[in-house]
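Visitor: I would like to go through a structure with you, one question at a time. Please show it first.

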Amino acid sequence: MAPTVRMVLQPRFINNEQLSISVVYDYIAGNNLKATQYVLTAPGASYTGMSFLGLGDSFAAGQGAFNYQAGTDTSVNTCHLSSLSYPFILSGSLFAGGRSVACSGAVTDDIINKSRDYRGQSKDQTALRDRGTISIQEYLGSFTPGYLAQSDFIDVYRPEVITMSIGGNDIGFGNILKSCVSPAAEASSCYPAYEDQLELYKTIQSKFDRLVQTYKLVYKPGKRVYVVGYPQIAVPDGNCALNVHLDSREIALSISLIDYLNSTIAAAAKRVGVEYVDISQSLAGHRMCEIQSREVAVNGFTVGNDDGLKGIKFVGSESYHPNALGHAMMERTIRSATHNLSRPMPSPDTTARPPALPNLVPSSLLPQTGRTVRTTVSSENLTQDVLVRGQTFAVKTGTNLALLKPLTSYTAELHSEPTQLGVIQSTANGELDGLLSLPATISPGFHVLHIYGLNMANQPVDIYQTVYVAASETDYNGDGILNGSDWCEFVPAANQDADQDGNDDACDPAITNAPEITARSFTATLGGNTIRIGVPQ
C-alpha cells in the first residue's frame with residue numbers, strides 16, 4: 001500500500017531555485033505517522049547553496065534522543081537520525097534549509113569513501129555501483145543517510161557551514177564500554193592491566209592522520225567547518241543509578257580516554273585549519289552518577305530493539321548516549337563556543353602533532369603483565385553481536401581492515417578470562433572466513449572476542465569485538481527466568497522499578513519520577529467525632 005501524504009510542513013526557500021519541505025505521511029494504514037524531508041530543485045537547476053549540513057556518528061545523529069527520522073530506524077538502516085539531535089536544533093534556530101546526514105556507527109571511511117565499491121552502513125551491504133541512479137538521487141533528495149558517503153552530500157549541496165563529530169567509532173569506543181558492562185568485568189574492572197590501557201591510547205593516537213585526511217576532504221576554502229568533540233558522560237565516585245553498570249575506576253578510564261580522543265581531534269583540526277569545538281563539559285550537572293536519574297542527560301544501559309543472532313534482541317545502541325536533554329545542552333555549548341557558528345576558520349598549523357601518550361605508571365592498581373603490546377583494530381562485524389554457548393559461530397573480516405597476511409594462521413581467544421577458541425586460516429586475500437566453537441562452560445554476559453596474529457608489516461595485531469554470550473536461546477542470562485518473563489534479559493535484574501514504568505531499573509535507559517499518587521477523601525464518625533480520611537486512589 002502506497003504511503004498517504006497527510007501534510008506538508010515548514011516550506012523554506014533555500015535560494016531562488018530550491019525549496020525545502022517536510023512531508024508527514026502514513027507509513028502504514030492508520031495513525032502510524034512518519035516524517036521525512038525533501039529539497040525540491042527547479043528543472044535545469046543544480047543542487048547548490050545549502051546553508052548548513054551536519055555530519056558524523058551517533059553523537060551527531062542523536063541516537064539516544066529517539067524521534068528518529070523515517071527510514072533510519074529499520075532492520076536495514078539503523079542510522080537513528082533524530083529530529084532532536086543538536087544539528088537539527090542548530091539548523092532550526094540559525095539557518096533556513098539546513099539538514100543532517102549523520103549516521104550512528106559511522107567511522108571516518110563513511111565520511112570520505114567515494115569508491116563505487118563503497119557499501120555504506122546499511123545491513124543490505126549493497127555496493128554503491130549496484131544501487132542505481134534512481135536510488136542514489138532519492139537518497140540525495142531526501143537526505144537519507146547510511147547509503148552514500150556523507151561527503152557526497154557536500155559535493156551536491158555545497159553547504160556554507162558544516163558540523164562534524166567523528167572518531168569515536170574508529171577507536172571502538174562502543175566496544176570498550178560494552179566490555180565493561182559484564183558482571184565479570186564489574187567484579188574486577190575491565191582493562192585492568194598496563195598493556196590493556198596502553199593499547200587503547202595508542203589506538204587513539206594512531207587515528208590522527210586519518211582525522212587529518214577526513215577534515216581536509218570535508219573542508220572547502222571559504223566555507224566553515226566546526227569539528228565537534230565528545231562530551232563527558234559520567235563522573236567517578238558519584239551516586240550512580242542502577243542502570244549505569246560502570247564502577248568508579250571504569251568511569252575514570254572513560255573520562256581519560258575521552259579527554260585524549262578530544263585532544264587528538266583538536267590537534268588534527270589545528271593541522272588542517274578547521275575550528276575545534278570543545279563540548280567535553282557541555283553535560284556538566286546532568287551526567288551519569290552526578291544527579292538524580294530523572295534529570296540526567298545521558299541514557300544508562302538500555303535494552304533495545306537491535307536484532308542479534310536468530311532474532312535475539314541485543315543491547316540498545318542508545319546505551320550511554322545523550323538523550324534529548326543532552327542534545328539541547330550540547331547545542332547551547334556549540335552555539336556559545338562558535339558565536340552561533342560564525343567564528344572564522346583558523347589558519348592551518350602544519351606543525352600540529354598528535355598529543356603525547358599519557359604517562360601510565362605500572363602499579364598494584366595497574367599491573368604490568370609483560371605481554372606483547374599489539375596494534376588493536378575494533379570491529380562491529382567480526383561476528384554476530386550475540387553468541388549462544390555450546391554452539392558454533394562464523395568469523396569473517398570482510399574487507400581487510402587489518403592488512404592480514406594471506407594463508408596464515410590466526411588465534412582466537414575469548415576474554416575476560418582468556419579462553420582459547422581455536423585457529424582460523426586467512427584466505428589468499430588476507431581475510432578471515434571460518435567457524436569457531438563456543439564452549440558450553442562460558443559464563444553468560446559480555447565478553448571480548450580477540451583474533452591475534454601478525455599483519456603484513458609483521459606487527460602483532462588484535463582484531464576484537466565485544467559480544468554477548470547467551471546461556472541459551474530461551475534464557476539469555478541464565479538466571480532461570482525465561483525470556484519474556486525476565487525484566488532484564490542481558491544483565492542481572494535489580495528487582496526495582498522506581499519510576500513504575502515496567503522496566504527494571506538495571507536496564508531502564510531513564511529512571512524518571514514515579515507517578516504521583518492522588519487521593520480521595522471521605523468522612524466517618526468515630527467515637528461521636530466526625531473525621532476526614534484520605535485514601536490513595
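Visitor: How do H8 and H10 lie to each other: roughly parallel or roughly perpendicular?
Guide: This is a predicted model, so the answer rests on computed axes. The axes of helix H8 (residues 194–206) and helix H10 (residues 248–272) cross at roughly 20° and come within 9 Å. Angles under 35 degrees count as roughly parallel. H8 and H10 are therefore roughly parallel.

Visitor: Is the crossing of H8 and H10 left-handed or right-handed, and what classes of residue make the contact?
Guide: The crossing of H8 and H10 is right-handed. H8 brings Gln197, Leu200, Tyr201, Ile204 and Gln205, while H10 brings Leu253, Ser256, Leu257, Tyr260, Leu261 and Thr264. By class, the contact of H8 with H10 divides into seven nonpolar, four polar and no charged residues.

Visitor: Which term describes H9 and H10, roughly parallel or oblique?
Guide: The axes of H9 and H10 come within 9 Å. They cross at roughly 45°. H9 and H10 are therefore oblique to each other.

Visitor: How many charged residues are in the contact of H9 with H10?
Guide: H9 passes H10 in a right-handed crossing. On the H9 side are Phe208, Leu211, Val212, Tyr215 and Lys216; H10 supplies Thr264, Ile265, Ala267, Ala268, Ala269, Arg271 and Val272. The residues of this contact divide into nine nonpolar, one polar and, for the charged class, two.

Visitor: Which residue in E7 is the bridge partner of Met164?
Guide: Strand E6 (residues 161–165) pairs with strand E7 (residues 224–228) in the parallel sense. Four bridges join E6 and E7. For Met164, the bridge partner in E7 is Val227.

Visitor: Is H4 roughly parallel or roughly perpendicular to H5?
Guide: The axes of H4 and H5 come within 11 Å and cross at roughly 75°. Angles of 65 to 115 degrees count as roughly perpendicular. So H4 is, relative to H5, roughly perpendicular.

Visitor: How many nonpolar residues has the contact of H4 with H5?
Guide: From H4 come Tyr139, Leu140 and Gly141. From H5 come Asp152, Phe153, Val156 and Tyr157. By class, one residue is polar, one is charged, and the nonpolar count is five.

Visitor: How many residues apart in sequence are the parts that Lys114 and Asp152 tie together?
Guide: Lys114 forms a salt bridge with Asp152, with the closest N and O atoms 3.5 Å apart. Lys114 lies in the loop between helix H3 (108–112) and helix H4 (133–142), and Asp152 in helix H5 (residues 150–157). The pair therefore ties together parts whose separation in sequence is 38 residues.

Terms used
Residues numbered from 1 in each chain as written. Predicted model: local features only at pLDDT ≥ 70, side-chain atom pairs only at ≥ 80, totals over all residues. Heavy atoms only, no water. Pairing = 2+ DSSP bridges. Helix = DSSP H or I, 4+ residues; strand = E, 2+ residues; numbered from the N terminus. Axes fitted to C-alpha atoms, helices over the stretch in contact; angles between N-to-C directions. Parallel < 35°, antiparallel > 145°, perpendicular 65-115°, else oblique. Left-handed = near helix turned anticlockwise from the far one by under 90°. Contact = heavy atoms within 4.5 Å. Nonpolar A, V, L, I, M, F, W, Y, C, P; charged D, E, K, R; others polar. Salt bridge = Lys/Arg side-chain N within 4 Å of Asp/Glu carboxyl O.
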